Amino acid sequence: MDMIKITIDGRVYEVENGITVLEAARRNGIKIPTLCHMNLKPINFVNKPASCRVCVVEMEGGKGNLVPACATDVRDGMVIKTTSARVLNARKTIVELLLSDHPNDCLQCAKSGDCELQSLAATLGIREIPFKGIQSTYKKDSTLSVYRDVDKCIMCRRCESMCSNIQSVGALSAVHRGFPAVVAPAFEAALGESSCVNCGQCVQVCPVGALTLVDNIGDVVKALNDPTKTVVVQTAPAVRVALGEEFGMEPGTIVTGKMAAALRRIGFNYVFDTDWSADLTIMEEGTEFLGRVKKFLAGDKDVKLPLFTSCCPAWVTFYEKNFPDLLDYPSTAKSPQGMFGAVAKNYFANKIGVKREDMVVVSIMPCLAKKSEVARPEDRKSVV
C-alpha cells in the first residue's frame, strides 16, 4: 500500500495514496460536512458528483480556488485547511443559497429532525436567509409508496445514483440546466408513469424532504379507534431486527417480544409474524417449481425454467416494465404479505366469526414497494 504524508489543519497525517481529501479527513477523525456525497461501503459504491460544494476546503499552493474535498485526490505534501475563515464563510454562503430556494416549512416536513440540510444549517449557525428572490416551484407527485416534493430538491443527485447505478431502474435523472434544474423522471412525467418500481431506495438516500414515504399511519389510527373493526397486524422478519436500533439498542438486537407486546398495547387485536406466510410461499413456489420440472422431464419444451421468486413486489414490477416477454419465468405465487392478507380475510376472519369487511389487515414491512403491492388487481380481490 503506497502511503503519503499530507497536512490537514496544521497536523501531519500519513494516508493512503489515491483516496480523496474527504476520505483522508474522515479516516483521521476530521469532520467535513457534505450533502451530495454518499459512500455505500457494503457494495463499494461512492456517489461524488461534487454538486453541493458544501465540502469545500482550502489548498495551499493551488490555483487559489476552494476545492471540493469529495472529488479532490490527496497528493504527497498537500496542505489542507478545513476550518479557515474563508472555508467556513463559503460553506455558510452555499447553505444560505440552498435555503433561499427551499420551502420554509420545517415544522410540517416529514424529514424535520432527520434532515441533513436542517442539521447543517444549525451547525453553521444560520438564523436568517440574506438572499431573497423567486423560488422554483414544481408539481407535487406521488405513487402509493413514494411522495415527491421537488420544491425541496437540492440537486444532490443521490437518488439518481441509487436509482440508476445501484437499482438499475433509471427512473430519475437530472433535467434542465441552471435555475430550473431538477431531478425527475424523463420528460418530467409522473413517477407512477415512469420506470419506477416503488422500491423506495431513493427515499432512503434523500438528505431532505424531496422524497419521502407515503404515510398511512392516520388510516391505522382511525381503524384502531373504530369499535366495529377487528384490526390484525403482520410484521416482517426484518422489522424486529431493525426496530431496536431506533430505541438506542445495539444494531441487530432482536425485539420480537417487546414489539408484539407493544402492538397489543397500541390496540391491535391480533399480532402475526409474516414468517408464517413466508412458509406458505415456500410451499407454493416449491410446488410450482416441481410441477414445471415434471412437465419439462415429460417432454414439454415450452415450460419456463428457471423459476424466479415473486416475493418482492418491486422485483415483479421491474420485470413487468423491463422484461414483459419473460413474464412466464417468475412464480405465479403471491408474496408472503399478499398470502397473509388473503388468508386473514378469507380464512381467519371466518374462523373468529368476523365479517371480512370488518377486518383490517395492517402490514409492517421494511420495503416501500409493499405499499403499492396491495393495489395490484390480483391482490385487491382477496384482501379488500
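Arginine 157 is partly exposed, at 30% relative accessible area. Keep in mind that this is a predicted model. The partner of arginine 157 is glutamate 160. The two form a salt bridge, with the closest N and O atoms 2.7 Å apart. And glutamate 160? Buried or exposed? Glutamate 160 is buried, because its relative accessibility is 15% and the cut-off for buried is under 20%.

Now the wider count. How many salt bridges does a search of the whole structure find? The number is 16.

Next, lysine 140. Its side chain meets that of aspartate 149 in a salt bridge, at 3.5 Å from N to O. Lysine 140 also bridges to aspartate 151, and there the closest N and O atoms are 3.2 Å apart. Where do these last two residues sit in the chain? Aspartate 151 is in the loop between strand S9 (146–148) and helix H4 (158–166). Lysine 140 is in the loop between helix H3 (116–123) and strand S8 (141–142). They are 11 residues apart, and the pair links distant parts of the chain.

Accessibility here. Lysine 140 is partly exposed, at 39%. Aspartate 149 has a relative accessible area of 7%, so it counts as buried. Aspartate 151 is buried too, at 11%.

Last, the network. Which residues are linked by salt bridges in it? Asp105, Lys140, Asp149, Asp151 and Lys152. Both bridges I gave for lysine 140, to aspartate 149 and to aspartate 151, join members of that network.

Key. Residues are numbered from 1 along each chain as its sequence is written. This is a predicted model: local features need pLDDT of at least 70, side-chain atom pairs count only at pLDDT 80 or more; totals for chains, interfaces and linings use all residues. Side-chain values use heavy atoms; hydrogens and water are left out. A salt bridge is a side-chain nitrogen of Lys or Arg within 4 Å of a carboxyl oxygen of Asp or Glu. Buried means under 20% relative accessible area, exposed over 50%, partly exposed in between (1.4 Å probe, protein chains only). Helices (H or I, at least four residues) and strands (E, at least two) are DSSP runs, numbered from the N terminus.
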